[in-house]
Amino acid sequence: MDTTFILDKERADRVQIALDYVATQRKLYGGDCVVTVDRQVDPVYLVGRKDLKGTLDICIEAPGVRVLEIIDYKDGMSPVSAVDNPQLEQYALGALAALDQTKLPKSFQLTIIQPKLRVRGMSGISTWNISTKALLERVAPTIVAQANATDDPNAPLVPGESQCKYCKAKGACPALASKVMSEVSILFDAVAPQTLDVAHQAAQKDPTVMGDAELRQILEAAPLVRQLLDGVEKEVQRRLEAGIPVRGFKMVRGKGSRGWALPEDEMVKKLTGMGVPKSAVFVTKLISPAQAEKLQWEKDGERCGLTDRQLKRMGTEY
């Protein structure tokens, strides 16, 4: 089935960064390199497990220089490094397992392209090289041991900011709740009948009279606290939607939001056809500083943009 995707210009510009990088690497590796995208890989041949397969965003095989580069495209703002990255190492093992074992590359170039980081003044490209020997001797046994550990039904729960961030069970995880309360124990006394509950204790805390140690401990615990709160809210909502009562809470009808069922250009025709002036169909809004920096327009047949001097003035004065 044919599918059409409509992308905004900013996303297209971000993807172009990845395309430009791939073009540069192809020139670097030589004419015999092969580029593939959305490639399924499975390291079962090397690790003996059938649950470690994945999909490579981009793979560049360069037999001339005996390098295989694996590229993962990420569109988020949280920086991710390619150095010792378990996801990329697992992808590399999967790609390695599919190769002719008599013609293995000498090394793997592991790369993460994260265009949004350029807004924060970062390069947006992180890359790391690991030898095939190290991949087989160090990474493969480590991944196998870690995967095997998850088979234990009594495997310990090890909460943390990175591993809990996208976990769907964090709202009902006793290990995360215990860690959070342990880390912010400096805030609260033990909750007993003769003491105020946690909510009242938190409301009575005054940061202006806290010592450096207290402030530091609370700030360091903040990411886990936010994750726990987010998980708990979603878990309570899940239970209520499933008809499971949660004492003290109930579901109420929200305001909601509506969107057009047709593409924008079609809706413009529909509304103007109803007599709505075209000038009233669109809402005009001032562009952001980031959008202003990227502005391009035609003048006397030439492509123009803000000069370096104008950009500097905009950044320092406006």
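Predicted model: local features only at pLDDT ≥ 70, side-chain atom pairs only at ≥ 80, totals over all residues.
Which residue in E3 does Ile-58 stand opposite? The residue is Ile-71.

Now the pairings. Strands of a sheet pair through backbone hydrogen bonds, and they can do so in parallel or antiparallel fashion. E1 and E2 run antiparallel and are joined by seven bridges; Val-35, for instance, has Ile-60 in E2 as its bridge partner. E2 and E3 also run antiparallel, with five bridges between them. Strand E3, residues 67-73, and strand E4, residues 107-113, run parallel and are joined by seven bridges. There, Ile-70 has Leu-110 in E4 as its bridge partner.

Asp-84 is another residue to look at: it has a positive phi of about 50° and is not a glycine either. Asp-84 lies in the loop between E3 and helix H3, residues 86-97, and is partly exposed at 42% relative accessibility.

Next, salt bridges. The count comes to 13. Arg-49 forms one of them with Asp-151, with the closest N and O atoms 2.8 Å apart. Why does this pair tie together parts that are 102 residues apart in sequence? Because Arg-49 lies in the loop between helix H2 and E2, while Asp-151 lies in the loop between helix H4 and H5. Arg-49 is buried, with a relative accessible area of 10%, whereas Asp-151 is partly exposed at 49%.

Other salt bridges lie within a helix. Arg-239 and Glu-235 meet at 2.7 Å, N to O. They are four residues apart in helix H8, residues 212-241, and therefore separated by about one helical turn. Arg-239 is partly exposed at 33%, and Glu-235 is buried at 13%. In helix H12, residues 308-317, Arg-313 and Glu-317 are likewise four residues apart, about one helical turn. Their closest N and O atoms are 3.3 Å apart. Arg-313 is partly exposed at 46%, and Glu-317 is exposed at 52%. There is also a network of salt bridges that links Arg-11, Arg-14 and Asp-75.

Last, the surface. Leu-286, Ile-287, Leu-295 and Trp-297 make a nonpolar surface patch of about 400 Å². Leu-286 is in the loop between helix H10 and helix H11. Is Leu-286 buried or exposed? It counts as exposed, because its relative accessibility is 77% and the cut-off is over 50%. Lys-168, in the loop between helix H5 and helix H6, is exposed as well, at 84%.

Terms used
Residues numbered from 1 in each chain as written. Heavy atoms only, no water. Patch = residues over 30% accessible without salt bridge, like charges linked within 9 Å, V, L, I, M, F, W, Y side chains within 5 Å. Areas by Shrake-Rupley, 256 points an atom, 1.4 Å probe, with all protein chains shown as cover. Salt bridge = Lys/Arg side-chain N within 4 Å of Asp/Glu carboxyl O. Helix = DSSP H or I, 4+ residues; strand = E, 2+ residues; numbered from the N terminus. Buried < 20%, exposed > 50% of the residue type's maximum accessible area, 1.4 Å probe, protein only. Pairing = 2+ DSSP bridges.
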